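Thanks for coming. I will go through one structure today, chain by chain and then contact by contact.

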Amino acid sequence: MWWLTLLVMFSAMLAMFASGLPLFACFMIRNVVAVIYFVGPNGLGLFVNSMLDTTTVEAFVAVPMFILLGELMFRTGGVSLLFKAFDTLIGVIRGRLYFIAVVVAAFIGAISGSTMASVSVLGRFVYPTMVERGCDRRLAVGTILAGATLDAIIPPSVVAIILATLANLSIQKFLLAGIGPGLLLAGCYMAYALVRVLINPKLDSHGGAAVEDTPMDARARFKTILPIIPLSGIIFLTLGLVMLGIAQPTEAAAVGVVGAILMSFLFGTFSFKMIGQTLYGAAITTGTVLFIIASSRLFTQLLAYTGATQGLIEFASGLTVDPWLVYLVMMVAVFILCMFIDQLAVMLILVPVYSPIIEQLGFDPLWFWMMLLINLMFGGITPPLGYTMFVFKSAAPDVPMSEIYKAVIPMILVAMVGVVILTFVPEIVTFLPSLAR
Amino acid sequence: ETLRSIRAFPQNLKQVSELYYGFQKAVTEATGGEITFQDNGPETVPPFEQFEPLTQGVFDIMYTAPSYHQAQTGIGVGISAIPETSDPELLTSSGIRQWLNDYYRENFGVFPLAIFAIGETTFVFREPLTGDTRLEGRKIRSNASYEGIVRALGGAPVSMGHADAYAALQRGTLDGVVWPEIATAEFKLYEVTSFLAKPTFGKSHNAVFMNAAKFDSLPKDQQDAIMKAGLDLEHRAVEFFAKQAADETRIMLENGVQFTEFSPEVAPELDKLYVAGQREIAMRSRPDDVKALLELSDKN
Amino acid sequence: MHFVNSALRFISKACAILAATAVGIAAVIYVAEVVARYGLNNPLNWSGDTGSYMLCVMVFLSLPLVTRQRGHIAVTMVLEALPQPLFRKVTRVLELVSATVLMIVAAFVLDLCIRQYHQGVLTTMANQIPRWWLTAVMTFGLVLSALNFIAPADEAPEDTVEF
Ligand code: NA
Ligand code: NA
């Protein structure tokens, strides 16, 4: 009766989520009730130990380290300068502001570990300029939101670290696996913008004028491009250490933090107050996210205890349908759930169930979980519930929610094209990790 | 009656499928099917966390390495620091079996049904031993139990899991590993190393523990059947692991690995260093209890 | 009552500062590990364990302030569709439910903490510390959070949760 157990648990979870109860409390209630029901009150120690285990998993230390790194780079590097820098770098072509938006979004993605930070920066600094410069509002919002979702796919990525830990993957390899898909999706977004602008030139009414109205001399141009150099340096330092296996991702992030602090001296933005605030922010975010994970984690063990894991394995091995159909169903489930539930919650309820199935179906775990991660990130921009959209709305309050909803739909369809490509060319995901030492 | 069983090792290991499941089968047969087992593995509770739920009666029986509960009592490691635990007869005649029984029952409400050696430990290197055959700064994968011996031999211990060790050997960030003799080929070490060190040293142990309250609640004939299956397991284990060690070494050699030897001056030190290291770790947790066990063993 | 609330706010903030310090310590230790391993060819072997302990401190000592500022992630779509007076009532009920859940879990943790203290249980890492130190931090963070759910919410700062 493992499937009945799962079904009841699953429905109860959805009902609790819908009530608005904090996620951690939903998970705690589920686990305490399940322990008492299946194991008995003596088993409550299992729950406490699983919470303690989760909050002392060394791999999770990468979460605060990457948040710290991203925050420091944001605060010291002057990310608003990035837009100007790329504006100077990218020549006069049709739809260039859309391109710049995607490139800046991808670059910020390589700096920061969280979509939320990225979308709020893009909404505050890049979006107003785009509209001012004659971009179509809907297409601008679409490219920015889609671009922001790249953040969790391109390393560093907090969600990727969490997913890799939950699914028992090498964090090093999973982070590297995100580079290919991130670049591919960025390409898809740019191609879409180009096609739209070519069909309807009005979407870029200024025809690609630069932000600066007066032409710059070489010296001024160089000065504008300058901020990219130290930021890229730190990105390559961190990723390089991970790629060469010289340092664990956590250690690499810590080294990157030192680099970011040195950079703040260079930019003259260093202050102890700034360091204090970033540490504080990293602690608060880590606490919020890891507490939810800690509250939910025992469930995987309970599934094993009740025989549900074994049941799932037997179910998957007994399936006579095409594994690709199962894959499709699993991905559609993620997509639909993400329309209504928080992405973290979706991840936490699905990973324990999906793990035994995909092992049985023989999919490459690195590839499968990367596809799931990408799908989860679209969850942030699928109406009606999507934090990425909400954060954008608060950063650009004059855009009505209905307009945001309309803006994201074509972008999701474009992203689907990217997903189809990744499904048929899995090497885009697996090539870089296979090179890692 | 169904006993809830937890094991620290994955199902695919031979010591589980042949030895432990053999024990379960023997109990079920001897009790005419009265006692059966509900089997759980490390995916239900992580290996180092299994002792506590056993004491709480969440599980009734546990197949483990006693060193896995060193955090609860150093006796778990102390078992590998004394010779009596490697010989079923000596274990009984020395009085250590009785002492361990009483100790675990009184302090934790559990007791060992079987304790047995699983074999010795070996160094596996990328490069052969040279010079006076010490480790001379080599980075060696170890864990808490082996840190002492690696340092004493002049090496740099690096603590990491088994799975990471393979990758680290491959990329050359490790020069070697300390490894159980019975699992060298199983982890395909021959793909990433070339030298198996001689001699091997220091015994490690496995054990089957049972929750005492559960045991006491069973009828006498079932208790006897369980105890007998435990003793049989100890005897079967001696042969099983001897064969296992020989098989693994043979497969390593067949795959091109060669022996490399510690010098006659260093070789006898290995066992002493290992035992000293085990004693040091054992003393970290409930040291008075550990002292009592070691004194009892020294008297023999 | 006002005094109790102020005290609670003060302690919660102090805890969050400790949590932030833990992040800083972890960062410094990891850099030291890389330097020791590649610069001095002598790995520390305790950076990972210390990082793990710091993580536990981060999570459970930042929790009270997260709670105080109502920064917990929840799916509030249905809730926000309710009319204002009902919204406030339901929110209050949810806060009290959360407080109760935290208190119950805190009791389980405390129970284990006391047992670990009496049995002298250590952590399972190579660099061992008494395990009750960690479960005590957990208990403290959980209880303080529960109290903060009962207390009125503070204004959330500009930068809330970014994930
Ligand atoms: Na990123
Ligand atoms: Na959504």
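Predicted model: local features only at pLDDT ≥ 70, side-chain atom pairs only at ≥ 80, totals over all residues.

Residues are numbered from 1 along each chain as its sequence is written, chains are lettered from A and ligands numbered from 1 in the order in which they are written, and side-chain values use heavy atoms, with hydrogens and water left out.

Chain A, then. It has 23 helices and zero strands; helices (H or I, at least four residues) and strands (E, at least two) are DSSP runs, numbered from the N terminus. The radius of gyration of chain A, taken over C-alpha atoms, is 22 Å, close to the 22 Å that the globule rule gives for 437 residues, so chain A is as compact as a globular protein of that length. That rule is 2.2 Å times the number of residues to the power 0.38. The C-alpha trace of chain A spans about 75 × 50 × 45 Å along its principal axes. Of its 437 residues, 62% count as buried, where buried means under 20% relative accessible area, exposed over 50%, and partly exposed in between (1.4 Å probe, protein chains only).

Now the interface with chain C. The area buried between chain A and chain C is about 5,100 Å², and carbon and sulfur atoms give 78% of that. Buried area is the accessible area (1.4 Å probe) that two parts lose on being put together, summed over both. The rule finds one salt bridge across this interface, a salt bridge being a side-chain nitrogen of Lys or Arg within 4 Å of a carboxyl oxygen of Asp or Glu. Glu251(A) and Arg37(C) form a salt bridge through their side chains, at 2.6 Å, N to O.

The interface of chain A and chain B comes next. Here 13 residues of chain A and 14 residues of chain B take part in the contact. About 1,200 Å² is buried between these chains, with 46% from carbon and sulfur atoms. Between chain A and chain B the salt bridge count is zero.

Last, salt bridges within chains. Over all chains, a search of the whole structure finds 23. In chain B, Lys203(B) pairs with Glu120(B), with the closest N and O atoms 3.4 Å apart. This pair links distant parts of the chain, 83 residues apart: Lys203(B) is in strand E9 and Glu120(B) in strand E4. Lys203(B) is partly exposed, at 35% relative accessible area.

Also in chain B, Lys220(B) forms a salt bridge with Asp224(B) at 3.0 Å between the closest N and O atoms. These two residues are four apart in helix H9 of chain B, so about one helical turn separates them. Lys220(B) is exposed, at 55%, while Asp224(B) is partly exposed, at 38%.

In chain C, Arg115(C) and Asp111(C) meet in a salt bridge at 3.6 Å, N to O. Both lie in helix H4 of chain C, four residues apart.

Finally, a network of salt bridges links Lys243(B), Asp247(B), Arg250(B) and Glu254(B).

Key:
Contact = heavy atoms within 4.5 Å.
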